[in-house]
Amino acid sequence: MPIYYDSSSLLAVLLGEASQRTIISIWESDSQRNASILLEAEAIVALRRVAGISGLTTDSPRLKARFQELETYLGGVVLREVDRSVINVLRNTPELANCRSSDALHLATALLFQQQLDEPLRICSLDKRMREQALKLKFKVVPE
C-alpha cells in the first residue's frame with residue numbers, strides 16, 4: 001500500500017528518536033513512498049538546528065553522516081514539487097485551513113498523490129496535529 005511521509009517521521013529516524021524502529025519498519029514494508037519536496041527542506045533545516053544546539057560544526061563527521069543518511073532515504077521517495085497544482089488543492093479544500101501552512105502543503109500534496117493511485121494512500125506522521133487533519137481528510141494514518 002502506498003505511503004506518504006511527512007518530516008516528523010523521517011526526522012525520528014535521522015535523529016534516533018524512540019519511534020525510530022517503528023518508522024523503519026513501516027518504511028521497509030512498502031516500496032511506494034511519496035512526499036513533498038518539503039520533506040527534504042524541513043529535514044535539512046531540522047538537522048542543522050539540532051547540530052547547532054549540539055555544538056556541531058558544519059564539517060562535523062556526525063552531521064555529515066546524518067546528511068548522507070538523509071540523501072539515502074530521499075533516494076527511496078518520490079518527491080513532488082510544490083507547484084500550482086498543489087496550490088489549487090489548497091484553494092479547493094477548505095478543510096486545509098484548519099492546520100499549519102506546512103501541514104496544509106503536505107496534505108495537499110498527499111491528496112494529489114491519492115488522485116493518481118488505485119489504492120488508498122496512508123500518511124506516516126508522528127505529529128499530532130498533522131495526524132488529526134489527515135484523519136479528517138479520510139486518510140489512514142500510521143503508526144497506529
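Predicted model: local features only at pLDDT ≥ 70, side-chain atom pairs only at ≥ 80, totals over all residues.
Residues are numbered from 1 along each chain as its sequence is written, and side-chain values use heavy atoms, with hydrogens and water left out.

Side chains of opposite charge can pair when their charged atoms come close. With a salt bridge taken as a side-chain nitrogen of Lys or Arg within 4 Å of a carboxyl oxygen of Asp or Glu, the count comes to five, including those in the table.

| Salt bridge | N to O distance |
|---|---|
| Arg 100 and Asp 103 | 2.7 Å |
| Arg 100 and Asp 127 | 2.6 Å |
| Glu 132 and Lys 128 | 3.8 Å |

Arg 100, Asp 103 and Asp 127 are linked in a network of salt bridges. The pair of Arg 100 and Asp 127 joins distant parts of the chain, 27 residues apart: Arg 100 lies in the loop between helix H5 (84-92) and helix H6 (101-115), and Asp 127 in the loop between strand S4 (122-124) and helix H7 (128-136). Helices (H or I, at least four residues) and strands (E, at least two) are DSSP runs, numbered from the N terminus.

Accessibility is classed as buried under 20% relative accessible area, exposed over 50% and partly exposed in between (1.4 Å probe, protein chains only). Arg 100 is therefore partly exposed at 29%, whereas Asp 103 is buried at 6%.

Glu 132 and Lys 128 both lie in helix H7, four residues apart, which is about one turn of the helix. Glu 132 is partly exposed at 38% relative accessibility, and Lys 128 is exposed, with a relative accessible area of 61%.
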